[in-house]
Amino acid sequence: MAIEFLLVTYPEQRAVLADGNRVGFTNHTFMLPSDEYLITLEGSGYAPPNQDVPLSGTSLVKPMVISFSPIAPAGGGAPPFLPAAAPAPAPRPAGKKKKNA
């Protein structure tokens with residue numbers, strides 16, 4: 001049986017599952033026997049939910065590359081409100097010294 005190479009990309013490291021079995025980690029190339037696999041990631045919060053991959057004709061230098069992307073959390077995923085920084089104090093006019101308190 002031929003050995004094939006798969007690279008699954010995702011912004012963070014996650015376990016990669018082929019037909020429900022752990023086979024490697026995202027952003028690393030790993031080897032699998034030539035076949036068709038249902039690829040998913042461990043955990044949630046990514047899209048698409050799975051990818052059906054017929055794995056053949058690859059090599060170490062030309063692996064099959066598939067990508068998953070994070071999805072925004074429920075509630076819109078807008079960044080939290082951060083107050084603006086206080087403005088810098090106005091400069092003192094030249095020639096005037098600060099009084100000692």
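Strands, like helices, are taken here from DSSP runs and numbered from the N terminus, a helix (H or I) needing at least four residues and a strand (E) at least two. Thr 40, for example, lies in strand 5, which covers residues 35-41. The model is a predicted one, in which local features need pLDDT of at least 70 and side-chain atom pairs count only at pLDDT 80 or more, whereas totals for chains, interfaces and linings use all residues. Residues are numbered from 1 along each chain as its sequence is written, and side-chain values use heavy atoms, with hydrogens and water left out.

The chain holds nine strands and zero helices, so that its elements, read from the N terminus, run β-β-β-β-β-β-β-β-β. Of its 101 residues, 27% count as buried, a word that stands for under 20% relative accessible area, while exposed stands for over 50% and partly exposed for what lies in between (1.4 Å probe, protein chains only). The accessible surface of the chain comes to about 7400 Å², and 60% of this belongs to carbon and sulfur atoms; such areas come from the Shrake-Rupley method with a 1.4 Å probe, and for residues only the protein chains shown count as cover. Among the contacts (heavy atoms within 4.5 Å) with a separation of 6 or more, 48% are made by residues 24 or more positions apart.

Two strands are said to pair if DSSP finds at least two bridges between them, and strand 1 has five bridges to strand 4 (residues 29-33), the two running antiparallel. In this pairing Leu 6 stands opposite Phe 30 of strand 4. Strand 1 also pairs with strand 8 (residues 64-67), here in the parallel sense and over four bridges, with Leu 7 opposite Val 65 of strand 8. In general, the strands of a sheet pair through backbone hydrogen bonds, either parallel or antiparallel.

An open sheet is formed by four strands in the order 3-2-5-7, with antiparallel pairing. Strand 3 (21-25) and strand 7 (51-55) stand at the edges with a single partner strand each, so one side of each is left without a neighbour in the sheet. On average, neighbouring strands of this sheet are turned by 40 degrees against each other, direction ignored; the axes are lines fitted to C-alpha atoms, for helices over the stretch in contact, and angles run from 0 to 180 degrees between N-to-C directions. Strand 2 (residues 15-18) is joined to strand 3 by four bridges in the antiparallel sense, and Ala 15 stands opposite Phe 25 of strand 3.

Charged side chains come next. A salt bridge is a side-chain nitrogen of Lys or Arg within 4 Å of a carboxyl oxygen of Asp or Glu, and by this rule the count comes to two. One joins Arg 14 and Glu 12 at 3.1 Å, N to O; Arg 14 is buried, with a relative accessible area of 14%, whereas Glu 12 is partly exposed at 42%. The other joins Arg 22 and Glu 42 at 2.7 Å, N to O. This pair links distant parts of the chain, with Arg 22 in strand 3 and Glu 42 in the loop between strand 5 and strand 6 (46-47), 20 residues apart.

Which residues do ring pairs link into a cluster? They are Tyr 10, Tyr 46 and Phe 68. Rings of Phe, Tyr and Trp (its six-membered ring) pair if their centres lie within 6.5 Å, and planes under 30 degrees apart count as stacked, over 60 as edge-to-face and the rest as tilted. A search of the whole structure finds two aromatic pairs. The rings of Tyr 10 and Tyr 46 have centres 6.4 Å apart and planes at 80 degrees, so this pair is edge-to-face. Because Tyr 10 lies in the loop between strand 1 and strand 2 and Tyr 46 in strand 6, the pair ties together parts that are 36 residues apart in sequence. The rings of Tyr 46 and Phe 68, with centres 5.4 Å apart and planes at 90 degrees, are likewise edge-to-face. Tyr 46 is buried at 11% relative accessible area, and Phe 68 is buried at 3%.
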